[in-house]
Amino acid sequence: MSTETKNFFNIEEKYDHTLVIRDDKQVKLRKWKVKDRKNFKKLIEEKAENITPFELAAVLVFPCLEDKNILLSEEEIKYVLTELRSISISSDFNFTFMCQNEECSEMNTIKLDLKDVSKPVSSSWSAVTIDDIEIEFGEKCSPKFYYEKMYGAKTPEDRTLTDLALHIVRVGEYDGVIKFEEMMSQFEEMDTDFQDAIMSEYKKQKFTQDNLYECTCQKCNSKQTFIFDEIPDFLPKSWLE
C-alpha cells in the first residue's frame, strides 16, 4: 500500500521572486506559507513583547530564502520582510494622517505602495582613514557566526555595536583574523569621538533604506513628509489573533 502523499493542489516550493539588496547581494524568495504564519503566531504567543528583528526573521524571513547561507543585516532583514509582505499579501497599505495646516486640519486616509516608502540606498564597501588608521568594512564572517552573535545582542545598542564589529574586516596593516571578543573589548576602551567617527563612516557604507515619503492633503493640497520606519497594519489582524 502506497504511503506517498498526493499533491492535490500542485503545491511547489517556488523561489521565483528576486530582490536586489545592493549591487553585490541579491536573494531569491518564496511567498509566505501557512506554516510560516503558524510559526509567527507561536512566536508572539511565547514572547509577546521585545521580539528582536532576528527572532522575527527566523520565522518570517530565513525560511523564505532559497539560499539559507546568506548574511543579512538588521536593516536588510527589514527590507526583505517588507518585500515578502508585498508579494505574499499586498504591496498596498492605508495611511491616516491629520493635515498640519491650521486652517485645514483635515483627517486624510490614503493608499500607499510599499515601494514608495521602502527604497534601498545605493552603497558599497571600502576602506576609510580615521586618525591615520585605515579601517576596511565588508562582510567576511560566516552567516552562522554573525547570526549567533546578533541573536545574543538583546538591546538595540548591543546589536548596533555587534553589527559594526562583525563588519570591520581590516584595521591598519594587520590582515589577520580579528577576533570578535577582541574587537568588542577595544570598543570599550576607545575614546568616544573615535568610536563615533568609525560608526559614522560605517553607516555611510552599510545598507540603508529611504523611508521618507511626502503626502498631500486631499482637501487643501498642503504637503507633509513622514518617516515610515514602521508600516501601519503591516500584517493582517488575523495574523495577530
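Q: Does E55 count as buried or exposed, and at what relative accessibility?
A: Buried means under 20% relative accessible area and exposed over 50%, with partly exposed in between (1.4 Å probe, protein chains only). At 16% relative accessibility, E55 therefore counts as buried. This is a predicted model, in which local features need pLDDT of at least 70 and side-chain atom pairs count only at pLDDT 80 or more, while totals for chains, interfaces and linings use all residues. Residues are numbered from 1 along each chain as its sequence is written, and side-chain values use heavy atoms, with hydrogens and water left out.

Q: Where is E55 placed, and with which residues is E55 in contact?
A: E55 lies in helix 2, residues 53–60, where helices (H or I, at least four residues) and strands (E, at least two) are DSSP runs numbered from the N terminus. If neighbours within four places in sequence are set aside, E55 is in contact (heavy atoms within 4.5 Å) with L43, K47, N50, Y151 and K154. With K47 there is also a side-chain to side-chain polar contact at 2.8 Å; such a contact is a pair of N or O atoms within 3.5 Å, and within protein one must be able to donate a hydrogen and the other to accept it, while residues adjacent in sequence count only if both atoms are side-chain atoms.

Q: Which residues of helix 8 are buried, and why are they on the same side?
A: An α-helix has 3.6 residues a turn, so residues three or four places apart point the same way. In helix 8 the buried residues are F194, Q195, I198, M199, Y202 and Q205. They lie on the same side of helix 8 because they cover an arc of only 135° around the axis, taken from the directions from the helix axis to the C-beta atoms. The face turned away from this buried side carries the exposed residues T192, D193 and K204, and what covers the buried residues includes helix 6 (156–165) and helix 7 (180–189).

Q: What is the order of the open sheet of three strands, and which strands stand at the edges?
A: Strands of a sheet pair through backbone hydrogen bonds, either parallel or antiparallel. Here the order is 6-7-8, with antiparallel pairing, where two strands pair if DSSP finds at least two bridges between them. Strand 6 and strand 8 stand at the edges, each with a single partner strand, so one side of each is left without a neighbour in the sheet. Strand 6 and strand 7 pair over four bridges, and the bridge partner of I130 in strand 7 is I133.
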